[in-house]
Amino acid sequence: MASALNLLQAIYTALWSALWIAAALLARVVTGGTAVPLAMARRFWAPGLLRAGGMRVEVAGLDHLDLSKPYFFAANHQSLLDVPVLYEALP
């Protein structure tokens, strides 16, 4: 049963990512920049992947950041979910 669920999640991940990659490429061509495709990844792609896996991202401590300053965040890449989690968590 677990392997069937894993297979369904893998198929969903591939199809969901292909859909949003195609949409982001089209948005980049139309807008001529990267702001819209990155916003699409943050708003649609990442949450869709995380919710499908039953995950919820909880962020603590953003109130301690001065958002007028630049910051550097590094992920340790312990899993394939680092990128969607960063898109979901960071402003």
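The side chains of serine 17 and tryptophan 45 are joined by a polar contact of 3.0 Å. A polar contact here is a pair of N or O atoms within 3.5 Å; within protein, one must be able to donate a hydrogen and the other to accept it, and residues adjacent in sequence count only if both atoms are side-chain atoms. The model is predicted, so local features need pLDDT of at least 70 and side-chain atom pairs count only at pLDDT 80 or more, while totals for chains, interfaces and linings use all residues. Residues are numbered from 1 along each chain as its sequence is written, and side-chain values use heavy atoms, with hydrogens and water left out.

Serine 17 lies in helix H1. Helices are DSSP runs of H or I with at least four residues, strands are runs of E with at least two, and both are numbered from the N terminus. Serine 17 is buried, at a relative accessible area of 13%. Buried means under 20% relative accessible area, exposed means over 50%, and partly exposed lies in between (1.4 Å probe, protein chains only). Not counting residues up to four places away in sequence, serine 17 touches Trp45 and Leu49. Contact means heavy atoms within 4.5 Å. Its partner in the polar contact, tryptophan 45, is also placed in the buried class, with a relative accessible area of 16%.

The chain has three helices and zero strands. Along the sequence, the pattern reads α-α-α. The C-alpha trace spans about 50 × 35 × 20 Å along its principal axes. Of the 91 residues, 18% count as buried. Among contacts between residues at least 6 apart in sequence, 69% join residues at least 24 apart.

Two packed helices are described by the angle between their axes and the distance between the axes. The axes of H1 and H2 come within 9 Å and cross at roughly 170 degrees. Axes are lines fitted to C-alpha atoms, for helices over the stretch in contact, and angles run from 0 to 180 degrees between N-to-C directions. H1 and H2 are therefore roughly antiparallel. Angles over 145 degrees count as roughly antiparallel, under 35 as roughly parallel, 65 to 115 as roughly perpendicular and the rest as oblique.

On the H1 side, the residues that meet H2 include Gln9, Tyr12, Trp16, Ser17, Trp20 and Arg28. On the H2 side, they include Pro37, Met40, Phe44, Trp45, Gly48 and Leu49. By class, the contact of H1 with H2 has 13 nonpolar, five polar and one charged residues. Ala, Val, Leu, Ile, Met, Phe, Trp, Tyr, Cys and Pro count as nonpolar; Asp, Glu, Lys and Arg count as charged; the others, Gly among them, count as polar.

Tryptophan 16 is placed in helix H1. Leaving aside neighbours within four places in sequence, tryptophan 16 is in contact with Phe44, Trp45, Gly48 and Leu49. Tryptophan 16 and alanine 75 are 59 residues apart in sequence and 23 Å apart in space, C-alpha to C-alpha.

Arginine 28 also lies in H1, which covers residues 2-31. The relative accessible area of arginine 28 is 45%, which makes the residue partly exposed. Not counting residues up to four places away in sequence, arginine 28 touches Gly33, Thr34 and Pro37. Arginine 28 and glutamine 9 are 19 residues apart in sequence and 28 Å apart in space, C-alpha to C-alpha.

A search of the whole structure finds five aromatic pairs. The rings of tryptophan 45 and tyrosine 87 have centres 6.1 Å apart and planes at 90 degrees, so the pair is edge-to-face. Rings of Phe, Tyr and Trp (its six-membered ring) pair if their centres lie within 6.5 Å; planes under 30 degrees apart count as stacked, over 60 as edge-to-face and the rest as tilted. Tryptophan 45 lies in H2 (residues 35-52) and tyrosine 87 in H3 (residues 82-89), so the pair ties together parts that are 42 residues apart in sequence. Tyrosine 87 counts as partly exposed, at 26% relative accessibility.

The rings of tyrosine 71 and phenylalanine 73 have centres 6.3 Å apart and planes at 40 degrees, so this pair is tilted. Tyrosine 71 is partly exposed at 39% relative accessibility. Phenylalanine 73 is partly exposed as well, at 41%. Tyr12, Trp16, Trp20 and Phe44 form one aromatic cluster.

Histidine 77 is placed in the loop between H2 and H3. Phi of histidine 77 is near 50 degrees, a positive value in a residue other than glycine. Histidine 77 counts as exposed, at 55% relative accessibility.
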